[in-house]
Amino acid sequence: MEGRDGGQSSAPQARYTLQPSRYSSEDILFCIDVDPESLAEMKGTAPSGRPITRLDSIKQAILLFINAKLTINPDHRFAFATLAKSASWLRKEFSSEVDSAMAAFRGLSVDSSSGQADLTQLFRIATHEAKKSRVQNRILRVILIYCRSSTQPHHQWPVNQKIFTLDVLYLHDKPGPDNCPQKVYDSLVDALEHVTEFEGYIFESGQGLSRVLFRYMCVLLSHPQQRCLQDHINIPKSLTKKSPTAESAPGEEIVAVSSQ
């Protein structure tokens, strides 16, 4: 490099290099809340006219996620658990087959005895599976889909064990005398920050709209090793109508079309 006087600079210049790295394939464990509140009806109906429940929308959103994730990288794998009073396996074997997810959904049923929600067993399962994933140079992520408007989840888990990533989708009723979704949300945030290894995302909705759930699920397609902080997310962009003047090329004639 030449100095300002036109001669060679005597001081050696530090050169920055970014070493190539490979992002790990994911083992993703979906944990689906099977409390009776998962049968709450969403807005809109199915093509058959039947009401759509939260559980119906959750299944659709997961299938959307799996198909999109496998398009990005066919090496990702998925398994399924449920959350009643505690977490339990629904389909333990991690698989890259969409049919495996559909088979798991056929065995999915609501637990009418649900009350409390203890996440300790879920974290125990995730930690065990995360260690197995690491041996294979993979990473484990848990996506918890929670549906209770007044039951705050709890756990007993050491703060220094963070070897998996936790994402949360929270579907709830509007605040009212019989529920406290804000307190539930705060508990979910605390749990996420307590256990997640990489940046974990949490999204909530009390609107009862399937498209909102699908939109959040699409954001969760982001790989944990490539994420920005959730506070920095500015997607999806809102659709705004551009004026014809801004879109037209210079000198191009603009033809007004009557809406009547």
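Is Asn137 buried or exposed? Select Asn137 in this predicted model: at 63% relative accessibility, the residue counts as exposed, because the cut-off for that class is over 50%.

**Stop 1: the loop at Asn137**

Keep Asn137 selected and show the backbone on both sides. The residue belongs to the loop that links helix 3 (120-135) to strand 6 (139-146). Check the backbone torsions here: phi of Asn137 is near 60 degrees, a positive value in a residue other than glycine. Most residues other than glycine have a negative phi.

**Stop 2: the whole chain**

Zoom out and colour by secondary structure. The protein has 6 helices and 8 strands. Read from the N terminus, the order of elements is β-β-β-α-β-β-α-α-β-β-α-β-α-α. Colouring by accessibility gives another view: 43% of the 260 residues count as buried. Among contacts with a separation of 6 or more, 74% are between residues 24 or more positions apart.

**Stop 3: helix 1 against helix 2**

Select residues 54-72, which form helix 1, and residues 98-106, which form helix 2. Their axes come within 10 Å and cross at roughly 165 degrees. Helix 1 is therefore roughly antiparallel to helix 2, since angles over 145 degrees fall in that class. The crossing of the two helices is right-handed.

Now show side chains at the contact. Helix 1 contributes Lys59, Ile62, Leu63, Ile66, Asn67 and Leu70. From helix 2, select Val98, Ala101, Met102 and Phe105. Sorted by class, the contact of helix 1 with helix 2 has 8 nonpolar, 1 polar and 1 charged residues.

**Stop 4: Asp173 and its neighbours**

Move to Asp173, in the loop between strand 7 (165-171) and helix 4 (181-195). At 32% relative accessibility, Asp173 counts as partly exposed. Which residues does Asp173 touch, not counting those up to four places away in sequence? Select Glu37, Arg54, Ser149, Asn179 and Pro181.

**Stop 5: cysteines**

Finish with Cys180 and Cys218. Cys180 counts as partly exposed at 22% relative accessibility. Cys218, at 39%, also counts as partly exposed. How many disulfides are there? With the rule that a pair of cysteine sulfur atoms must lie within 2.5 Å, the count comes to 0 disulfides.

Definitions and conventions: Residues are numbered from 1 along each chain as its sequence is written. This is a predicted model: local features need pLDDT of at least 70, side-chain atom pairs count only at pLDDT 80 or more; totals for chains, interfaces and linings use all residues. Side-chain values use heavy atoms; hydrogens and water are left out. Axes are lines fitted to C-alpha atoms, for helices over the stretch in contact, and angles run from 0 to 180 degrees between N-to-C directions. Helices (H or I, at least four residues) and strands (E, at least two) are DSSP runs, numbered from the N terminus. Angles under 35 degrees count as roughly parallel, over 145 as roughly antiparallel, 65 to 115 as roughly perpendicular and the rest as oblique. A crossing is left-handed if the near helix is turned anticlockwise from the far one by less than a right angle, and right-handed if clockwise. Contact means heavy atoms within 4.5 Å. Ala, Val, Leu, Ile, Met, Phe, Trp, Tyr, Cys and Pro count as nonpolar, Asp, Glu, Lys and Arg as charged, and the others, Gly among them, as polar. Buried means under 20% relative accessible area, exposed over 50%, partly exposed in between (1.4 Å probe, protein chains only).
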